[in-house]
Amino acid sequence: MEHRGFFLTFEGGEGSGKSTQMRCLARTMQRAGRSVRVTREPGGTPAAEALRAALLSGEAKSLGPLAEACLFASARADHVRQLIRPALRQGQDVLCDRFIDSTRAYQGGAGVSGEELDLLEKLALGDLKPDLTLLLDLDVEEGMDRADTRRRSEQPDRFEADRMQDQEKRRQAFLQMANDEPDRFSIIDASQTVDRVEKAVAAIVTERLGIDLSPVAKQSSSL
Ligand code: TYD
C-alpha cells in the first residue's frame, strides 16, 4: 500500500473557531513528532489564492452559484494536484481549513444541484477523500457575533454577508452530511471553551486515526 500521511479537514460556519483549532492541532501533532502541512480553501496554491480573491471579494458573484461552484472546484483541483496529494505521498499529514463539504453546504445551499456538485467533486478530487472531517458546530447567531467581533471594522466577505437564514441552512446541511457519513465526520460542540474544544479534537484524532499525540522528548545533543 502507498505510504501516506493523514488528510484532515475542518468544517463549520462563520465564527466556529475552525482556524484556531486547526492551528492548535497542528502544533500538538508537530510536538508529537509528526510532519504537518497546514492549508486552507479556497486557496493553498498561488493560482487558487488568486481565485480566492475573486470569490471572496464578490467579484464573481454576478456569474451565479454554478459558476462560483466551478471556480471553487478549479481552485480545489489545483490545490489537490500541487499541494495536497504530493504532501500526503511524502508522508506529511495535511490539515485543511474547509474543503469539499463547504461547497456542498454553501453552493448547494445556493441552488447548485447534487448531480452538479458530484461531478465537480469527481473532477477536482478523483478518488481523494479526507480521512477525518471535524465539524465544529455552533449556533448561527453566536457564530455571527464571534465573527463580527473578530472582524472589528472590516467588511464581511461575500459569504459572511449572507442572511442568518442562509447560515442556518448551511449549518443544517453540514449536520446532515455528518449524519450521512459518520465514519468520516466527527461533530464537535464549538460553544465550549477553546481549551475544551482542543481536548475534544485531540481525543477524536487519537481515537479515529490511532495517532499518538503524546509529545516526543527533545533529543539531547550527545556532543
Ligand atoms: P474564510 O475567510 O476562510 O472564512 P471562514 O473563516 O469562515 O472559514 O473564507 C472562506 C469563505 O468561502 C467562507 O465564507 C465559506 C466560503 N466557501 C464557499 O462558499 N465554498 C467553498 O467551497 C469554500 C471552500 C468556501
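The model is a predicted one. Helix α1 crosses helix α8 at roughly 55°, helix α2 packs with helix α3 at about 160°, and helix α6 crosses helix α7 at roughly 115°.

**Ligand surroundings**

- The side chain of Thr-103 has an N or O atom 2.5 Å from an oxygen atom of the ligand.
- For Glu-14, the corresponding distance between a side-chain N or O atom and a ligand oxygen atom is 3.0 Å.
- For Arg-52, a side-chain N or O atom lies 3.2 Å from an oxygen atom of the ligand.

**Backbone features in loops**

- Glu-41 and Pro-42 are joined by a cis peptide bond, with omega at about -10°.
- Pro-42 belongs to the loop that runs between β2 (36-40) and α2 (46-57).
- Arg-98 is not a glycine, yet its phi is positive, at about 75°.

**Helices α1 and α8**

- Helix α1 spans residues 18-31 and helix α8 spans residues 194-209; their axes come within 10 Å and cross at roughly 55°.
- Because of this angle, α1 is classed as oblique to α8.
- The crossing of α1 with α8 is right-handed.
- On the α1 side, the contact is made by Thr-20, Gln-21, Cys-24, Leu-25 and Thr-28; on the α8 side, Val-194, Val-197, Glu-198, Val-201 and Val-205 take part.
- By class, this contact of α1 with α8 comprises 6 nonpolar, 3 polar and 1 charged residues.

**Helices α2 and α3**

- The axes of α2 and helix α3 (residues 65-89) are 8 Å apart, and the two helices pack at an angle of about 160°.
- An angle over 145 degrees counts as roughly antiparallel, so α2 is roughly antiparallel to α3.
- α2 and α3 cross in a left-handed manner.
- From α2, the residues Ala-47, Ala-48, Leu-51 and Leu-55 meet Glu-68, Leu-71, Phe-72, Ser-74, Ala-75 and Asp-78 from α3.
- The contact of α2 with α3 contains 7 nonpolar, 1 polar and 2 charged residues.

**Helices α6 and α7**

- Helix α6 (residues 140-151) and helix α7 (residues 164-180) have axes that come within 10 Å and cross at roughly 115°.
- This crossing of α6 and α7 is right-handed.
- Val-140, Glu-141 and Met-144 of α6 are in contact with Met-164, Gln-167, Glu-168 and Arg-171 of α7.
- The residues in the contact of α6 with α7 divide into 3 nonpolar, 1 polar and 3 charged.

How values were computed. Residues are numbered from 1 along each chain as its sequence is written. This is a predicted model: local features need pLDDT of at least 70, side-chain atom pairs count only at pLDDT 80 or more; totals for chains, interfaces and linings use all residues. Side-chain values use heavy atoms; hydrogens and water are left out. Axes are lines fitted to C-alpha atoms, for helices over the stretch in contact, and angles run from 0 to 180 degrees between N-to-C directions. Helices (H or I, at least four residues) and strands (E, at least two) are DSSP runs, numbered from the N terminus. Angles under 35 degrees count as roughly parallel, over 145 as roughly antiparallel, 65 to 115 as roughly perpendicular and the rest as oblique. A crossing is left-handed if the near helix is turned anticlockwise from the far one by less than a right angle, and right-handed if clockwise. Contact means heavy atoms within 4.5 Å. Ala, Val, Leu, Ile, Met, Phe, Trp, Tyr, Cys and Pro count as nonpolar, Asp, Glu, Lys and Arg as charged, and the others, Gly among them, as polar. A polar contact is a pair of N or O atoms within 3.5 Å; within protein, one must be able to donate a hydrogen and the other to accept it, and residues adjacent in sequence count only if both atoms are side-chain atoms.
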